Amino acid sequence: MKKVLFMMLAVVMFAGCSKEDENQNQLENIIQSMGQSQLSAMDIMKSAECWQVKIIYQYTEAGGKGDSKLYYDPENMKLEGGSRGANYRVADGNFYELRSHPLNSYPYYYTYALSGAGNSFSLVRKHDSLVKTMNIVAYDDKSMVIEFYNPAIKEYPYSREYVVRWSPSDEYWDMLTAYEDLPEDERP
């Protein structure tokens with residue numbers, strides 16, 4: 001009986017490890033396929049009108065380590081969380097996190113003060129002073145993998161996000177509302 005239980009435990013552990021390995025492999029393949037850029041990470045961030053999130057994996061530890069889960073992948077219909085994925089923009093010394101309201105169809109944004117150098121940055125959200133960190137893991141002229149650390153998230157505080165350049169329509173920009181300007185009863 002002990003042998004059967006041990007074998008079942010080994011199979012469960014192996015299945016869990018192979019799911020984590022699959023998550024690691026998908027992002028590692030994306031990172032390995034990226035080309036090179038002559039620009040710095042911040043210059044690349046600023047050079048795009050907007051960055052659209054394509055895939056988000058969440059982790060329990062920094063560097064894409066620990067337990068992991070696929071959080072957002074619209075191509076494979078994996079969408080978790082209220083407002084799901086985001087888009088990003090850097091302008092005027094600020095970092096903007098552009099989101100879709102989970103209950104309504106209009107987009108809104110959070111504004112963060114941006115500081116740092118190289119590939120590591122600190123983000124301080126303007127309306128509530130939440131501090132997050134952002135590390136550019138890999139990038140080329142068309143895409144990036146960004147790792148965020150959000151201490152407000154307890155179970156999976158790290159996320160790695162694959163983002164690509166995006167040019168939204170003028171209507172999109174016109175519809176955006178600052179989080180602070182949303183009616184209080186409609187804020188996520």
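**The surroundings of one residue**

Author: Leaving out residues up to four places away in sequence, E161 touches V53, I55, I56, Y88, M144, V145, I146 and F148, where contact means heavy atoms within 4.5 Å. Residues are numbered from 1 along each chain as its sequence is written, and side-chain values use heavy atoms, with hydrogens and water left out.

E161 belongs to strand β10, which covers residues 158-166; helices (H or I, at least four residues) and strands (E, at least two) are DSSP runs numbered from the N terminus. The residue is buried, yet it takes part in no salt bridge. Here buried means under 20% relative accessible area, exposed over 50%, and partly exposed in between, with a 1.4 Å probe and protein chains only. A salt bridge is a side-chain nitrogen of Lys or Arg within 4 Å of a carboxyl oxygen of Asp or Glu. For E161, the nearest side chain of opposite charge is that of R99, at 6.1 Å; Lys and Arg count as positive and Asp and Glu as negative, with His and the chain ends not counted.

E161 does have polar partners. Its side chain makes a polar contact of 2.6 Å with the side chain of Y88, and another, of 3.2 Å, joins it to the side chain of S159. A polar contact is a pair of N or O atoms within 3.5 Å; within protein, one must be able to donate a hydrogen and the other to accept it, and residues adjacent in sequence count only if both atoms are side-chain atoms.

One of the residues that E161 touches is F148, which has its place in strand β9. F148 counts as buried because its relative accessibility is 4%. Although F148 and E161 are 13 residues apart along the chain, their C-alpha atoms are separated by 8.1 Å. Beyond four places in sequence, the contacts of F148 include Y88, F95, K132, M134, S159 and E161.

F95, M45 and M134 have the most contacts inside the largest nonpolar core, a set of 27 residues. A nonpolar core is a set of buried Ala, Val, Leu, Ile, Met, Phe, Trp, Tyr and Cys residues joined through side-chain atoms within 4.5 Å. Among the elements that each supply at least two residues of this core are α2 (41-47), β4 (87-91), β8 (131-139) and β9 (143-149). The largest share, four residues, comes from α2. Apart from this core lies another, of 13 residues, among them I55, Y59, A138 and V164.

R99 has a charged partner elsewhere: its side chain meets that of E97 in a salt bridge of 2.7 Å, N to O. R99 is buried, with a relative accessible area of 16%, and E97 is buried as well, at 4%. E97 also forms a salt bridge with K132, with the closest N and O atoms 3.4 Å apart. E97 lies in strand β5 (residues 94-100) and K132 in strand β8, so this pair ties together parts that are 35 residues apart in sequence. A separate salt bridge of 2.8 Å, N to O, joins the side chains of R125 and D128; R125 is buried at 13%, whereas D128 is partly exposed at 38%. Salt bridges that share partners link E97, R99 and K132 into one network, and the whole structure holds four salt bridges.

These details belong to a chain with three helices and 11 strands. Of its 188 residues, 40% count as buried. Among contacts with a separation of 6 or more, 49% are between residues 24 or more positions apart. Confidence averages a pLDDT of 84, and 80% of the residues score at least 70. Over residues 2-20, however, pLDDT stays under 50. Where pLDDT is low, the predicted coordinates should not be read in detail.

Key: pLDDT is the predictor's confidence in each residue, from 0 to 100.
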